[in-house]
Amino acid sequence: MGNVYHLDLDKKKIRGAKIALLPGDPFRSQIIAEKISETYGTVNEKLAWKREFCTYFAEIKGEKILVTSTGIGGPSTSIAIDELAQLGIDTFIRVGTTGAIQDHINIGDVIITSGSVRLDGASTHYAPIEFPAVAHYEALNALIEGAKKAKVKYHVGITASSDTFYPGEERYDSFTGYVLRRFQGATKEWQKLHVLNYEMESSTVLTLTASMGLRGGCITGVINRVGIGKITKEALKTGQENAIRAATAAVECLL
Ligand code: URA
């Protein structure tokens with residue numbers, strides 16, 4: 001097989017890598033690759049950057065790793081997973097950021113998603129809505145071990161994964177300020193149902209990987225909490241750093 005179109009990668013370029021770390025932000029691919037190099041004394045290399053898909057090659061204890069950004073939301077995430085799977089990747093770990101909706105979860109904590117509420121559209125093109133968006137047990141265990149190893153406060157549970165940042169996460173500070181009736185009161189309901197957080201890609205990652213027989217997991221750093229207005233730079237830095245530290249340590253458990 002040749003080049004996959006959107007990621008601009010081929011099998012030769014990825015050198016037999018089997019595990020991919022998946023940030024949303026393309027600039028975070030470099031941050032993660034450099035963190036891996038710093039921690040394990042290995043080199044990293046930028047392989048491709050097309051649209052929102054930026055891929056780095058890195059190594060952890062002799063294991064070849066890709067770091068590929070997915071962009072925001074389901075459609076671009078589905079392309080990243082599908083094309084990486086075509087190239088032979090079998091383990092997919094989303095490393096992102098999130099907004100917590102439970103009181104006991106603080107900025108800087110990480111959330112390890114055991115399963116996602118599928119508030120997206122892209123995943124329904126791969127498996128019907130009745131199909132669960134669940135993490136692979138090996139990925140889940142590895143992320144828990146990784147968080148422990150990195151000494152990061154973690155929570156394991158269900159994530160509401162939305163196609164939209166504003167109405168789907170019941171935000172009223174949008175252009176119109178209007179949230180469809182179907183989402184009004186949704187946050188309260190998710191809280192009652194013990195959902196931990198909102199983010200925008202896990203339902204796609206976990207539905208696609210589970211339905212394809214591949215390993216999928218998701219860890220996100222908390223940068224925001226319901227009721228707190230704007231996301232601050234410090235919150236972003238802490239949440240992002242903690243998720244990256246835990247995810248990198250988790251990879252060691254997946255080798
Ligand atoms: N990502 C989201 O989707 N929501 C947040 O509040 C923070 C990050």
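1. Exposed residues are those with a relative accessible area over 50%, and buried ones those under 20%. K61 has a relative accessibility of 58%, so it counts as exposed. The model discussed here is predicted. K61 is located in the loop between β3 and β4 (63–68). Its backbone deserves a look: phi of K61 is near 50°, a positive value in a residue other than glycine. Most residues other than glycine have a negative phi.

2. R51 raises the point again at the other end of β3. It sits in the loop between β2 (45–50) and β3, and phi of R51 is near 50°, again positive in a residue other than glycine. With a relative accessibility of 64%, R51 is classed as exposed because the cut-off is over 50%.

3. T55 belongs to strand β3, which covers residues 53–60. Is T55 buried or exposed? Its relative accessible area is 0%, so T55 is buried. Leaving aside residues up to four places away in sequence, T55 touches L9, then E45, K46, L47 and A48, and also L66, V67 and T68. Of these contacts, E45, K46, L47 and A48 fall in the range of β2 (45–50), while L66, V67 and T68 fall in that of β4 (63–68).

4. P23 is in the loop between β1 (19–22) and α2 (26–40). Although it is a loop residue, P23 counts as buried because its relative accessibility is 0%. Its contacts, not counting residues up to four places away in sequence, are R28, S29, I32, V67, T68, S69, T70 and V95.

5. Helix α3 (residues 74–86) packs with helix α6 (residues 202–212) at an angle of about 35°, and the two axes are 9 Å apart. The crossing is right-handed. On the α3 side, the residues that meet α6 are G74, T77, S78, I81 and D82; their partners in α6 are T204, V205, L208 and M212. By class, this contact has four nonpolar, four polar and one charged residues. As for the spacing of such positions, an α-helix has 3.6 residues a turn, so residues three or four places apart point the same way.

6. How many of the 11 residues of α6 are buried? Eight are, so α6 is largely enclosed by the rest of the structure. The buried residues are S202, S203, T204, V205, L206, T207, L208 and T209. T204, V205 and L208 are in this buried set and also meet α3. Just after α6, G213 takes a positive phi of about 75°.

7. The ligand site draws on several parts of the chain. Around the ligand are T97, T98, G99, F165, E169, R171, Y198, E199, M200, I223 and N224. A polar side-chain atom of E169 is 2.6 Å from a ligand oxygen atom. For R171, a polar side-chain atom is likewise 2.6 Å from an oxygen atom of the ligand. In N224, an N or O atom of the side chain lies 3.0 Å from a ligand oxygen atom.

8. V179 is placed in the loop between β8 (154–162) and α5 (186–192). Its relative accessibility is 1%, so V179 counts as buried. Beyond residues up to four places away in sequence, V179 touches P167, E170, R171, Y172 and Q184. One of these, R171, is also among the residues around the ligand. V179 and E169 are 10 residues apart along the chain, and their C-alpha atoms are separated by 9.3 Å.

9. A147 is part of helix α4 (residues 137–149). Its relative accessibility is 0%, so A147 counts as buried. Which residues does A147 touch, not counting those up to four places away in sequence? They are V110, I112, V152, Y154 and A246. A147 and A249 are 102 residues apart along the chain, yet their C-alpha atoms are separated by 7.4 Å.

Notes
Residues are numbered from 1 along each chain as its sequence is written. This is a predicted model: local features need pLDDT of at least 70, side-chain atom pairs count only at pLDDT 80 or more; totals for chains, interfaces and linings use all residues. Side-chain values use heavy atoms; hydrogens and water are left out. Helices (H or I, at least four residues) and strands (E, at least two) are DSSP runs, numbered from the N terminus. Buried means under 20% relative accessible area, exposed over 50%, partly exposed in between (1.4 Å probe, protein chains only). Contact means heavy atoms within 4.5 Å. Axes are lines fitted to C-alpha atoms, for helices over the stretch in contact, and angles run from 0 to 180 degrees between N-to-C directions. A crossing is left-handed if the near helix is turned anticlockwise from the far one by less than a right angle, and right-handed if clockwise. Ala, Val, Leu, Ile, Met, Phe, Trp, Tyr, Cys and Pro count as nonpolar, Asp, Glu, Lys and Arg as charged, and the others, Gly among them, as polar. A residue is near a molecule or strand if one of its heavy atoms lies within 4 Å of it. A polar contact is a pair of N or O atoms within 3.5 Å; within protein, one must be able to donate a hydrogen and the other to accept it, and residues adjacent in sequence count only if both atoms are side-chain atoms.
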